[in-house]
Amino acid sequence: MVVGQSLVSITVGGTARDYIAGSLIIENRVSGRSNASFSIYDSNGSIGQILRGTVISIIDESDSSKLFTGYVATAIAKNLTSTGSGSAVVIVVKCMDQHYLAEKRVVAASYRANVHSAKDVAQDLLGTGSHTVASGNSHSQAPLGAEGVSEGTLEDGAILSETTANYVTVSSLLDRIARRGSQFWYIDYDKKLHLRQKAHIKDAPFDIDLTNLGTTKILRKSISVKSGNDKYRNKQILRGGTQVTANQTEEGIRAQGNRKTVTLGFPISAGITPQVFVDDTFTNGGATPPDGSFYLAKNGTDNANVGVKGKDTSGKFFYYQVGDPIIEFETALTENSLVKVIYRGNFDLIATSTDQAEVTAQATLEGGTSGIVENIVEANYIGTTTEATEEAAGYLSEFGEQGIVVEMVMYTKGLNPGHVLELNLPEYGITNTEALVESVETRIDTGSQYAIQYRVKCIASPLDGDWTDFFTAIVDRQTAINEGFDVDTIDQVEIVTILQQENISIEIDEVVAQAVQACPIVGFNLPADLCGEFVGSV
């Protein structure tokens, strides 16, 4: 069994391990989890189980730089021998990078509107910074700091509207604040959190120029160029959670034909009982006036005359249900009665953002169309109009442009995800085009004297997504907003319940009185020392 060469070393839980040549793959991506995988040859089965969370380190021996650090995700062992007595095992190890630390922790916190930047929120997650993070709202309890993550380069970004994390993963919260501020975040191989403006992505140490390769070793036949952005959109629609209206007064509703129901303009919101007024003295057969002269409240003292549909079945003047726009009366109202209802209703939060320049350009490209390319995102965790608008604009800045994707294999080290370089590939119609290094896949090329091979993906457009993005989006959509309202601002807000943990000492003295209960067995005469004393006969 051939093991890996000395170019790259791997330690698993602090112990150096030989790996099978050609099995090492490191997939490093910007704004997402990086992964690594390799296979260990265990000749006698002495390694045993490798558990999830075991620390992994992969080092380039030529300069002692870190190619990957992280943790075991899975380890699958397979026996190689065909007989029952063999003990040689191959262990396939799949690893996750330091983003795991943000994905395994859940945060419950809220940050006041127009006070905090993305940097402030990041420092709260780390437990660093001198600012008053919550300004009267709740802190995050520094989950990243507890995982040993320290502060890297944190840039302020935009001042955010009210931001609420209602028991979501730390990574989801970082995604949200970064998107709204046109930033990106990552935890590097030294466990430092970085939050950077997209405009401040650092330059690559070299460019890709096929007219003058210089010392850049590129497999020319490996170059592929993909035109177009699968996620392109120039109009972003975002559907957020449910908001609550201000007090609504709907009056002049005329009861005709033994009317037993009233339909309101909005579904009824939680937290407030609607008030129903009736004027049953109106007898004018003409047009319904705007209100009656003798409206009387029918709720009764402490809403005694109000019932809840599905719970109360009789004995109430009227019945309502949260989320239902219909109020139902137990007895039909007097003909021509007027009804007035004061209540608060629910409505869906919708925000849009449009890049008109892109719409115009797309219309020219398509010829004779509107040029609009729309996309809708479900974001139930969004609870305010401002936050929804910021989120929609963030999606548009990320995916609102056409572009190209260039992939190639090279043997020159130095490009990392997040680098910006210049592409000059004239035979592909690309001249002096700025592009972002989206991912770098590192392998040991067994066909080229075991050289380290780098498969680089560059984009001059928004980031391509993969299946992990898809499933993350599903989880985000399932994070529903809790029902509640602020009685002062009448804005829908999330209710975040923070668990406070305290250590207390309790001393317990237990005194138990032992009572012997002797149970005779029917049909047998047992000695008293075995069955105990009992009263009665069998």
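Two strands are taken to pair if DSSP finds at least two bridges between them; helices (H or I, at least four residues) and strands (E, at least two) are DSSP runs, numbered from the N terminus. The model is predicted: local features need pLDDT of at least 70, side-chain atom pairs count only at pLDDT 80 or more, and totals for chains, interfaces and linings use all residues. Residues are numbered from 1 along each chain as its sequence is written, and side-chain values use heavy atoms, with hydrogens and water left out.

An open sheet is formed by three strands in the order β9-β12-β11, with mixed pairing. Its edge strands, β9 and β11, each pair on one side only. On average, neighbouring strands of this sheet are turned by 15° against each other, direction ignored. β11 and β12 run antiparallel and are joined by five bridges; Trp 185 stands opposite Leu 195 in β12.

## Helices on the sheet

Helix α2 packs on the sheet, touching β9, β11 and β12 (contact means heavy atoms within 4.5 Å). The direction of α2 makes about 170° with that of β9, where axes are lines fitted to C-alpha atoms, for helices over the stretch in contact, and angles run from 0 to 180 degrees between N-to-C directions. Helix α4 lies across β11 and β12, running at about 150° to β11.

## Burial of α2

Helix α2 (residues 118–126) is largely enclosed by the rest of the structure, because eight of its nine residues are buried (under 20% relative accessible area, with exposed over 50% and partly exposed in between; 1.4 Å probe, protein chains only). Among them are Asp 120, Gln 123 and Asp 124. The buried residues of α2 pack against β8 (106–111), α3 (143–146), β9 (150–154), α4 (170–180), β11 (183–187) and β12 (192–197). Just after α2, Gly 127 takes a positive phi of about 80°.
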